[in-house]
Amino acid sequence: MPESRINLHVKALARAVNVFYGEKQALSGINLDIPENHVTALIGPSGCGKSTFLRCLNRMNDIIDGCRVEGSITIDGADIYSKEQDVVQLRARVGMVFQKPNPFPKSIYENVAYGPRIHGMAANKKQLDDIVIDSLTRAGLINEVNDRLDAPGTSLSGGQQQRLCIARAIAVRPEMILMDEPCSALDPIATARIEELIDELRDNFTIVIVTHSMQQAARVSQRTAFFHLGELVETGATEQIFTNPRDSRTQAYITGRIG
Amino acid sequence: MVSGHIVKSFDDDLNHLVSTISEMAGLAERQLADSISAMSRRDEQLAANVIEQDKRLDDLEADIDAQVVRMLALRQPQALDLRAVLVALKISSDLERVGDYAKNVAKRTLTLMQAPVIGQATSTIVRMGSIVGGMISNVVDAYLNADVVKAQEVRARDLDVDQLHSSLFRELLTYMMEDPRNITACTHLLFIAKNIERIGDHVTNIAENVHFLVAGENIAGDRPKNDLSSSTIITVGDKTA
Amino acid sequence: MADKARLRRRYRAERRFRWYGISATILGLLFLGAILVSTVVLGHSAFRQTYIKLDIFFDPKILTPDGKTDPDTLRQANYPAVVKFSLREMFPSVTKRNEQRQLFSLVSLGASDSLREQITANPALIGSRDSLWLLASDDVDQFIKGKIRPNAPENERQLNDLQMQWVHEIVARGLTNLRFNAAFFTNGDSREPEIAGILGAAKGSFYTLLVTLVLSFPIGIMAALYLQEFAPKNRITDMIEVNISNLAAVPSIVFGLLGLAVFLNFFGLPRSAPLVGGIVLALMTLPTIIIAARAAIMAVPPSIREAALAIGASPMQTALHHVVPLASPGMMTGAILGMARALGESAPLLMIGMVAFIADVPQGIMEPATVLPVQIYLWADSPEQAFVEKLAAGIMVLLTFLVMMNLLAVILRRRFEQKW
């Protein structure tokens with residue numbers, strides 16, 4: 001069923017992507033289509049390169065010394081590694097949520113307002129307020145923090161902090177959101193809230209999520225890509241990957257035979 | 001199976017499930033063979049024994065149900081493992097039906113003892129039984145060895161059973177038309193033949209499940225059918241049909 | 001059984017280990033306490049100074065011999081003669097010239113200075129008679145404070161028998177008094193211990209540190225920020241890093257030599273000026289500040305940087321909006337500790353002439369000055385017995401400043417430390 005929806009529109013496209021950390025090759029020959037308004041899950045054992053690939057999509061690898069990316073990654077047809085592409089603008093278009101909730105040690109309001117402010121998205125205080133409230137609402141956090149927007153972001157619980165980070169990411173109106181194991185530090189209830197949120201966000205954003213929990217990949221994603229030892233082994237509809245993977249390595253990984 | 005799970009007790013669970021299935025299949029096969037030999041040898045004791053033994057198959061099926069529920073809840077099997085668990089559930093229910101049919105054959109055997117022997121019908125039924133018995137044993141091999149080719153063969157073998165069933169059906173109708181006193185015995189024989197034909201269908205189910213287990217998708221193409229008994233018409237005086 | 005023995009052995013070893021730690025701590029505290037106590041014991045008396053009450057007649061014949069009372073005349077009038085006249089009145093029996101000189105030396109030169117101040121402030125006092133408390137000489141002061149042993153041989157004493165007899169008489173008449181020594185905090189250095197003060201050195205230290213801070217703090221922070229956040233990691237930056245660490249370990253006297261060679265000889269900057277001292281100390285504290293600031297920057301979790309970068313903050317915005325505010329308590333602490341070290345430094349300043357005797361309190365960074373530790377060194381070098389207590393008092397003032405700066409560092413760290 002999702003296979004047919006894939007053909008709708010490819011948001012991001014990776015072709016023959018190689019990534020090196022110094023001499024060491026972390027990814028080789030990755031070809032992957034990321035469909036728009038879908039959740040694509042990247043799974044695989046630790047060190048398989050899935051986070052590396054995720055960080056290629058908003059060029060967060062640029063800040064790592066000795067990291068080199070070959071091949072082409074395009075978003076809406078434009079090569080994001082071309083000279084014309086400004087990396088700061090790219091990151092405004094491609095938001096990111098990290099493994100450990102990392103709110104700024106500032107107020108909840110400031111956390112969300114920071115992005116719109118540096119990108120000049122609000123002409124006045126009123127507009128900024130609207131963006132903050134809207135982002136918090138879409139992150140499903142507004143009811144919990146409405147009366148304490150001035151409280152420090154770090155005073156929230158882990159799950160709330162992570163949703164604050166999501167609100168912070170969507171406040172700059174990105175097209176894509178990258179999530180790097182967003183629930184690995186959270187309890188099951190907080191995890192369920194995030195997963196529900198991801199499902200809602202799918203309508204407006206293209207989401208790529210790296211997760212160690214295969215159940216989570218199965219629950220939240222429509223497409224799944226399995227990475228192993230720096231290679232993209234198999235990609236397909238989540239349903240197919242989890243019921244009848246084509247590659248024996250995928251099979252072995254999702255049934256708990258290799259890790 | 002592919003190489004073992006990282007969590008070894010998961011392998012133990014799966015192995016236990018498979019061995020329960022194979023025990024059940026062995027028992028079902030023996031039940032079928034016993035019921036047919038009871039019929040052909042008019043062995044009342046053996047028939048009673050078959051009826052008695054059916055309980056054991058029911059117990060094994062319940063055991064498999066419990067194992068499957070437990071594994072689904074505790075292991076959250078994926079892909080191949082998920083299919084193994086589901087297929088085990090389905091095979092066990094097929095095997096349980098096989099046992100039920102064998103039991104029915106035994107019951108009818110007890111009744112048949114009070115009626116006259118009917119022509120060559122018994123030997124045809126014995127042939128059907130031996131074919132189906134062979135199918136059961138082959139399908140278990142296919143299951144244990146994840147052998148898709150063998151499963152295909154089993155499925156094709158069902159054609160022979162259907163053919164035998166169709167001709168026996170015609171034969172028995174003829175006997176009944178010749179002499180109405182044969183009707184009781186023939187009817188019972190018809191049902192026995194039908195039971196064995198149904199067992200063949202269940203074994204075919206199992207073969208298809210083995211294919212699904214191994215290949216991850218359902219077997220392509222329709223099931224071969226050669227049972228014409230449902231459309232057979234024999235009128236008085238027509239002996240050529 | 002063996003288990004129990006091993007357990008006992010382990011407990012014994014544990015107790016022994018704790019005891020080593022406790023004794024080391026106590027020993028350290030004892031040394032520190034010894035230094036503090038001896039300093040206070042030596043120095044506390046410097047905060048009080050002996051005064052002698054004299055009947056002073058502001059004789060117009062001495063002060064204004066030609067009858068003019070303009071400020072110039074008043075300033076240059078012969079005030080010592082007034083004091084001497086008063087002393088002769090007190091001890092009329094002393095007539096021999098050299099005995100009179102010994103008598104006059106009981107009162108400090110500073111006494112006539114205070115008379116001058118009174119008269120220039122109020123010329124109407126000329127011709128009047130008043131009983132005034134005037135500063136005693138350092139020897140009288142030391143004697144009153146009990147620091148001169150009366151039964152020592154006369155030639156080893158600062159006061160001879162005759163002078164001691166006079167002092168005894170003055171004391172018996174109740175004409176001596178120990179008063180709070182405000183002059184110590186308001187005067188510059190002097191050859192006379194009783195009027196020598198710490199203010200000149202304190203202001204010198206202040207101007208020097210001001211220059212040091214203005215130079216080393218911004219340079220150090222910018223360098224640390226660049227090296228830590230922006231510089232590529234390659235051979236050159238590695239070299240720079242190693243050299244900064246090496247620089248922090250260079251003996252301070254070397255910086256003094258550098259200052260002498262470059263700033264005084266090459267650029268011709270004024271000798272003894274806080275400006276040059278400040279530059280030299282800035283060079284010396286720069287590595288310390290850079291290292292401390294880099295440590296503070298490194299302590300900012302990378303997740304904060306990633307968070308900022310990921311929502312499209314530029315590297316500069318990331319550094320200025322997030323990294324610097326979070327690192328600032330650590331940076332400030334490092335800077336203050338660097339300043340504290342600079343405050344206590346004397347060796348490099350000796351090389352650039354800040355060791356000269358300077359009696360005037362400096363009014364700017366270009367005027368000759370000295371600094372607290374050098375002042376202490378100068379006093380330690382002076383022969384007068386009374387400088388010993390000044391020296392200890394100077395150490396107390398220096399320590400007070402150091403403690404205050406360290407306290408400030410602690411408070412800053414507590415106040416601004418962020419939890420994340």
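Visitor: What makes the four strands of chain A an open sheet?
Guide: The order is β2-β1-β4-β5 in chain A, with antiparallel pairing. The edges are β2 (24–35) and β5 (78–79), and each pairs on one side only. Strands are DSSP runs of E with at least two residues, helices are runs of H or I with at least four, and both are numbered from the N terminus. The model is predicted: local features need pLDDT of at least 70, side-chain atom pairs count only at pLDDT 80 or more, and totals for chains, interfaces and linings use all residues. Residues are numbered from 1 along each chain as its sequence is written, while chains are lettered from A and ligands numbered from 1 in the order in which they are written.

Visitor: How do you know that β1 of chain A pairs with β4 of chain A?
Guide: Two strands pair if DSSP finds at least two bridges between them. Eight bridges join β1 (residues 10–21) to β4 (residues 67–75), and these strands run antiparallel. Eight bridges also join β1(A) to β2(A), again antiparallel.

Visitor: Which residues stand opposite A12(A)?
Guide: In β4(A), I75(A) stands opposite A12(A). In β2(A), the bridge partner is I34(A).

Visitor: Which residue takes a positive phi in the hairpin of β1(A) and β2(A)?
Guide: G22(A) does, with phi near 65°. The hairpin has two residues between the strands.

Visitor: Now chain B. What elements does chain B have?
Guide: Chain B has six helices and zero strands. The C-alpha atoms of chain B fill a box of roughly 70 × 40 × 20 Å along the principal axes.

Visitor: Why are α2(B) and α3(B) called roughly antiparallel?
Guide: Axes are lines fitted to C-alpha atoms, for helices over the stretch in contact, and angles run from 0 to 180 degrees between N-to-C directions. The axes of α2 (residues 44–75) and α3 (residues 79–112) of chain B cross at roughly 165° and come within 9 Å. Angles under 35 degrees count as roughly parallel, over 145 as roughly antiparallel, 65 to 115 as roughly perpendicular and the rest as oblique. The two helices are therefore roughly antiparallel to each other.

Visitor: Which classes of residue make up the contact of α2(B) with α3(B)?
Guide: The contact has 15 nonpolar, four polar and nine charged residues. Ala, Val, Leu, Ile, Met, Phe, Trp, Tyr, Cys and Pro count as nonpolar, Asp, Glu, Lys and Arg as charged, and the others, Gly among them, as polar.

Visitor: Which chains share the most contacts?
Guide: Chains A and C, of the two pairs of chains in contact. Two residues are in contact if their C-beta atoms, placed from the backbone, lie within 7 Å. Here 17 residues of chain C are in contact with 23 residues of chain A. On the chain C side, α14(C) gives the largest share, six residues. That side divides into eight nonpolar, six polar and three charged residues.

Visitor: How many residues does the contact take from chain B and from chain A?
Guide: The contact takes 15 residues from chain B and 14 residues from chain A. The largest share of the chain B side, four residues, comes from α3(B).

Visitor: How far apart are the closest C-alpha atoms of chain B and chain C?
Guide: They lie 33 Å apart, and no contact joins the two chains.
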